[in-house]
Amino acid sequence: MDDWTILQLVLYGAGSLVALTQSVVFTHYHRVFRRDHLLLWALSFLALALYLSTSAISITLLGSMPASHPLRLTVSSISLVSAYVQVALLIMGTLAIWRTHRWSRRQVIAALGLATTFGLFGALAFAFDPQYVQERFFLRVGLRYLVGGLAALAMGFAIAIRWPRGRLGQQLTALALILYAADLLHIFASYCAQAGYGITWPWMRHVGVASVLTQLFIGYGLVVWLLEDERDRAERATDAAEHLRHFDPMTGLPNRQHMLSMLARQLEQQQDTTLLLVRVDNLGHIAAAFGMDGVDLALATSAERIDEVARSRGLFAARPDADHFSLHGTGLDTEAGAGRIAEQVLDALARPLFWNGRELALEASIGIALAPQDADTADALQSRAEMARARARREGAMRYRFYAPDLDAEAQQRLVLQAELRAAFARDELVLEFQPLLDGWSLEICGFEALVRWQHPTRGRLYPDAFIAELEALGMIEDLDMWVLERACTAALSWQRPGGEPIPVAVNISAYSFQRRDFPDTITTLLLRTGLSAGCLELEIVESIALELPERAVVSLDCLRELGVRVMLDDFGTGFSSLKHLRQLPFDGIKIDRSFVIDVLVDPRDAAIVRAMLALAHSLGLEVVAEGIETPAQLAWFQSAGCDRLQGFHFHRSMEHEAAVALVKRTPERAAT
Ligand code: C2E
Ligand code: MG
Ligand code: MG
């Protein structure tokens with residue numbers, strides 16, 4: 001072997017080793033980061049290692065063999081195929097970084113197929129004809145340098161132009177590729193010079209060193225690029241985590257913590273600040289009617305509309321809680337300004353919204369607090385706005401309210417009331433009264449509705465409206481329901497006339513108790529313990545409760561019906577009167593709300609509605625009760641409309657147990673059937 005051959009062998013061997021090392025490095029990175037371009041680069045350098053080592057063998061050891069020798073043909077085929085495959089993989093790997101889609105399997109196969117065809121063509125064409133030495137040499141060696149050089153040049157410029165400045169890895173890679181391209185094209189030129197003019201450039205003996213160096217340089221650039229890329233990804237992940245700490249992922253609005261810190265900053269700067277707290281009040285109904293997707297839509301739409309209003313007024317919108325949104329900012333010096341924004345928010349939320357072709361109505365309440373007059377810390381401002389909002393909500397749907405100092409007093413009173421309520425159970429201050437229900441045709445007593453009262457030590461007898469909501473807030477409403485059920489069943493036993501028509505007791509049941517899975521079992525146990533027959537117990541459930549969990553309601557209603565306990569839909573017509581639900585849920589009857597009773601004689605449209613309700617209920621086999629009959633005219637109207645049972649002050653107010661028993665005794669007994 002002469003010196004030149006040994007030098008070639010060393011250079012190719014060194015180049016091959018470098019390429020192999022780079023392939024191992026990228027394989028390792030691919031294992032860690034699992035990114036496509038790393039695998040493509042790893043394979044590309046593997047192909048380069050193969051190309052260089054087979055080239056070394058082919059030039060040095062097989063150089064003396066005839067071109068058509070099968071061993072030489074095989075080695076040059078492997079060599080050339082890997083050379084083109086290397087170029088294809090390098091290009092695909094680099095492009096993979098800026099492509100949004102991954103290379104499809106078909107695309108990869110097509111590119112590798114093309115590279116292989118090129119390689120095989122170069123290796124096999126003219127291989128068997130000693131006449132075409134030049135052409136063969138050009139195809140095997142020259143063309144590979146030309147194609148490789150042009151591809152590297154294009155890639156180098158593409159990277160340099162495409163990617164932003166200041167990225168060292170990309171700049172190094174671009175430069176390395178351009179140098180590599182210059183090296184390959186230079187070698188190609190030397191072949192042309194030799195083939196065309198028989199000139200051999202003297203420096204060509206050492207040009208292989210440049211190839212190894214530029215190749216090292218490319219690998220180096222790619223590694224720096226990769227590290228920069230990973231650093232960027234880590235920074236982006238940190239930014240995203242930071243964003244999540246301050247913003248609500250669903251709506252993109254600032255969360256409670258961020259909103260409070262923005263507010264605090266404004267207050268520190270002693271700026272006049274206005275806070276509007278908005279709550280979407282009917283998410284429960286939306287969930288019942290449209291499912292959780294409907295709730296998501298309601299929240300996303302509310303966020304969008306509230307943010308729109310905030311932006312138009314130079315305010316900041318936020319989502320401090322699941323169903324709460326807020327708007328805050330400075331410069332709204334007058335109450336009127338804040339009021340106008342509240343109206344604008346309510347108008348925006350009232351705009352129609354559709355879900356699968358059905359209208360989804362949003363209901364909201366807004367509380368407004370102003371700094372510095374209402375509060376001077378962010379927390380206090382928020383709680384005052386919430387107090388105002390709760391008041392607005394109590395007054396009705398789609399309202400807003402400003403904070404007023406009496407709300408503090410109100411909150412204080414509520415705390416006292418709650419403490420007293422806790423004690424009321426222990427001190428036996430709750431009383432059950434009974435209001436008779438009358439047969440619509442004979443006007444005889446056919447039942448009693450149990451109504452709870454609170455004999456307050458200083459304030460006298462309180463009615464449920466004054467304390468039921470507080471019991472709910474305290475989580476004690478189920479205790480009340482159990483207490484009432486127990487007392488009502490015992491009371492009902494005492495007014496049954498032996499052998500006579502049973503006189504049932506109707507008990508109002510809260511949503512919380514009715515929704516419990518074990519509610520039917522509780523009723524079974526209660527009936528067994530008290531000895532009251534199931535037919536003498538009637539339950540009244542408010543419409544909204546039944547609709548919140550319709551599937552659960554159906555199961556409970558079926559169990560209760562099987563027991564023989566009747567269930568009535570109370571306050572019918574006030575809530576989400578869905579006739580569909582009436583058909584789906586197995587109720588025994590409806591109690592038409594008092595508001596209709598008042599209106600039937602005044603408003604012909606209400607009269608028409610009530611007639612329709614009656615007709616519908618009767619056609620479904622349901623019983624109809626009218627509550628709140630106060631005048632003979634109302635009695636006459638409902639009697640003639642065919643109402644099955646009647647209740648109201650016109651007949652009797654609610655009375656204590658003894659009075660109810662006495663009343664039953666006084667009224668003539670109907671013949672037992
Ligand atoms: P409700 O179940 O619709 O009860 C009917 C209410 O209308 C009762 O008010 C009753 O006194 C009143 N009422 C009946 N006839 C007339 C009338 O002719 N004119 C007028 N102005 N009012 C009439 P009350 O006792 O204040 O009860 C209010 C609501 O409190 C009840 O509405 C019910 O939802 C709830 N409630 C009452 N007792 C209980 C209870 O023991 N447990 C539960 N969970 N809720 C109860
Ligand atoms: Mg009732
Ligand atoms: Mg009612």
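Reply: Let's start at the end of a helix: D428 follows helix 12 and has a positive phi, near 60°. Helices here are DSSP runs of H or I with at least four residues, strands are E runs of at least two, and both are numbered from the N terminus. This is a predicted model, where local features need pLDDT of at least 70, side-chain atom pairs count only at pLDDT 80 or more, and totals for chains, interfaces and linings use all residues. Residues are numbered from 1 along each chain as its sequence is written, chains are lettered from A and ligands numbered from 1 in the order in which they are written, and side-chain values use heavy atoms, with hydrogens and water left out.

Me: OK, how many residues does helix 12 have, and how far does it reach?

Reply: Helix 12 covers residues 405-426, which is 22 residues, and reaches 33 Å from its first C-alpha to its last. That is close to the 32 Å expected at 1.5 Å a residue, where the expected span is 1.5 Å times one less than the number of residues.

Me: Which residues of helix 12 are buried?

Reply: They are L407, E410, L417, Q418, L421, A423 and A424. Buried means under 20% relative accessible area, exposed means over 50%, and partly exposed is in between, using a 1.4 Å probe and protein chains only.

Me: And what do those buried residues pack against?

Reply: They pack against helix 11 (378-395), strand 7 (399-402), strand 8 (430-439), strand 9 (445-456) and helix 13 (468-474). Contact here means heavy atoms within 4.5 Å.

Me: Switching to metals. Which residues are the protein donors of the magnesium ion (ligand 2)?

Reply: E449 (OE), N508 (OD1), E540 (OE) and D570 (OD), lying 1.9 to 2.2 Å from the ion. Donors are N, O and S atoms within 2.8 Å of the metal (3.2 Å for Na, K and Ca), and water is not among the atoms, so sites may look incomplete. N508 sits in strand 11 (residues 505-509) and E540 in strand 12 (residues 537-542), so the pair ties together parts 32 residues apart in sequence.

Me: Now ligand 1. How many residues surround it?

Reply: 22 residues, and the closest are N508, D570, R594, E630 and F649. A residue counts as near if one of its heavy atoms lies within 4 Å. Strand 9 gives the largest share of that shell, four residues.

Me: Which polar side chains reach ligand 1?

Reply: Among them, E449 has a polar side-chain atom 3.0 Å from an oxygen atom of ligand 1. A side-chain N or O atom of R453 is 2.9 Å from an oxygen atom of the ligand, and one of E630 is 2.5 Å from a nitrogen atom of ligand 1.

Me: Last one: where is E444?

Reply: E444 is in the loop between strand 8 and strand 9, and is partly exposed at 27% relative accessible area. E444 and V664 are 220 residues apart in sequence, and 9.8 Å apart in space, C-alpha to C-alpha.

Methods:
A polar contact is a pair of N or O atoms within 3.5 Å; within protein, one must be able to donate a hydrogen and the other to accept it, and residues adjacent in sequence count only if both atoms are side-chain atoms.
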